[in-house]
Amino acid sequence: MSWGDALSWLLRLLLSPQVFAPLIFPGLLTALVVLLTVIWAERKIAARVQMRVGPLYVTRRLGGVLQMLADGTRYMFQEFIIPATADRLPFLFAPVLALTLAIVPFAFIPAAPGFSPIKSPYSLPAALAAISAVPLSVLLMGWSSNNKFAIQGAVREAFMGLAYEAVVFISALSMGVLYGTLDLEEAVSRQWLPGLLLNPVAAFAFFVGMVMSAGKLPFDIVEGEQEIVAGPYVEYSGIIFGIGMGLAYLKLYSLSLIYTLLFLSGWEPVVAPLYSLYPGLGGVLLFAKAYLLMLFIVFLRSVYGRYRLDQALRAGWRIYLPLSLISLLISILLRVVGVV
C-alpha cells in the first residue's frame with residue numbers, strides 16, 4: 001500500500017460516522033471545547049450579574065477566554081497524590097471509569113440526519129443508561145477516598161441519583177411514546193412541531209431532571225463546596241481532580257444534546273450547503289441549540305441559591321416525579337388522538 005492509499009484510507013476512517021461522531025463532533029474533541037468555553041462563560045456571566053469582572057489576566061484582550069486552558073495546564077503539571085488511607089486500586093480506577101462512562105453516550109447520539117455512530121432503534125435509552133451509570137463511579141471515588149467529606153458527598157450522589165434519574169427517564173419515555181420510537185434520529189424526523197410545544201410538561205420535567213443530574217446550581221449538592229469541600233473529589237489532585245470537576249459539564253453537554261433532539265427539533269432546519277459538503281456538518285444547528293441551552297443553565301447559577309439536600313429530594317419525589325408521570329399521560333392521550 002502506497003503512502004497515498006494509506007492516507008486516503010486514514011481520512012475515510014476519520015470521516016466515517018463511527019469515528020467522526022464519537023471523537024470529533026459531537027464527541028470528545030467538541031466536548032473538550034464546550035467544557036473550556038462554558039466554564040469561562042459561567043464565570044463571566046456570574047461576574048457580570050454580581051458586578052465583577054471575572055476571568056481577565058489570561059488573554060486579557062479576549063476577555064480571559066483562555067483562562068480555563070491555563071487552569072487545565074496547571075492541573076496537568078500538579079503532583080498527583082494518593083492519600084495513605086485511600087484504597088489504592090479503586091481510587092485510581094474510579095476516575096478512569098467515570099470519564100469513560102461520560103464519553104460513551106456520544107456513541108449513541110446522532111450528529112445529523114443519517115450520521116449516527118451507532119444506529120440503533122434504542123439509542124435514546126442506551127444514551128440515558130450510559131449517563132445514569134456515571135454516579136456509580138462517583139460513589140466509588142467517594143468510598144475509595146476513605147474521607148468523611150468524600151463519603152458524605154458520595155451518599156448525596158446516591159440520594160440525588162435516585163431522585164432525578166426516574167424523572168429524566170419517564171420524561172424521555174413520554175416523548176418516545178409520543179413519537180412512537182426510541183430512536184433519537186427518528187424522533188427528530190417526527191417533530192412537525194418542536195417537542196417543547198407538543199408536550200411542555202415533559203420538556204419542563206426533563207429540563208429540571210437534567211439540571212439535577214448534572215449537579216448544576218441550584219442542585220450542586222454533591223460537591224457542596226462550602227460544606228463538604230468538593231465532596232467525592234476532595235482527596236483527588238492534579239489532572240484527576242480536573243476530570244472530576246469536568247464530569248458535570250460532560251453530562252450536561254450530552255443531556256443538552258438529547259434535550260435538543262427530543263424537544264427542540266434537533267438539527268432542523270438542516271443547513272443544506274454544509275450538509276452537502278459533509279453530512280456531519282449538518283448538525284451545526286443541533287450544536288448551537290444545545291450550547292445556548294447550556295449557557296442558560298449556567299446562567300441560573302447567578303440567580304438561584306443552592307437547595308438543601310432534603311429540599312431537593314422533596315422536590316424531586318413530590319413535584320417532578322408526578323410531573324413526569326403526567327407528561328407520560330399527556331403523550332399517551334396525544335398519541336391516541338393522532339396528533340403525531
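1. Basis. Residues are numbered from 1 along each chain as its sequence is written, and side-chain values use heavy atoms, with hydrogens and water left out. In this predicted model, local features need pLDDT of at least 70 and side-chain atom pairs pLDDT 80 or more, while totals for chains, interfaces and linings use all residues.

2. Helix pair. Helix H8 (residues 148-179) packs with helix H16 (residues 309-337) at about 10°, axes 8 Å apart. Helices here are DSSP runs (H or I, at least four residues), numbered from the N terminus. Axes are lines fitted to C-alpha atoms over the stretch in contact, and angles run from 0 to 180 degrees between N-to-C directions. H8 and H16 are therefore roughly parallel to each other (angles under 35 degrees).

3. Helix contact by class. The contact of H8 with H16 has 22 nonpolar, 6 polar and 2 charged residues. Nonpolar covers Ala, Val, Leu, Ile, Met, Phe, Trp, Tyr, Cys and Pro; charged covers Asp, Glu, Lys and Arg; the others, Gly among them, are polar.

4. Second largest pocket. About 190 Å³ of space lies in it, the volume being the space filled by probe spheres set on grid points joined across faces, edges and corners. A pocket is an open set of points on a 1 Å grid over the protein atoms alone, where a 1.4 Å probe fits, with protein on both sides within 12 Å along at least five of seven lines; lining residues have an atom within 4 Å of a point.

5. Pocket lining. The second largest pocket is lined by 10 nonpolar, no polar and no charged residues. Phe 204, Tyr 304 and Tyr 320 are among them. Helix H11 (residues 200-214) gives the largest share, 4 residues.

Definitions and conventions. Helices (H or I, at least four residues) and strands (E, at least two) are DSSP runs, numbered from the N terminus. Angles under 35 degrees count as roughly parallel, over 145 as roughly antiparallel, 65 to 115 as roughly perpendicular and the rest as oblique.
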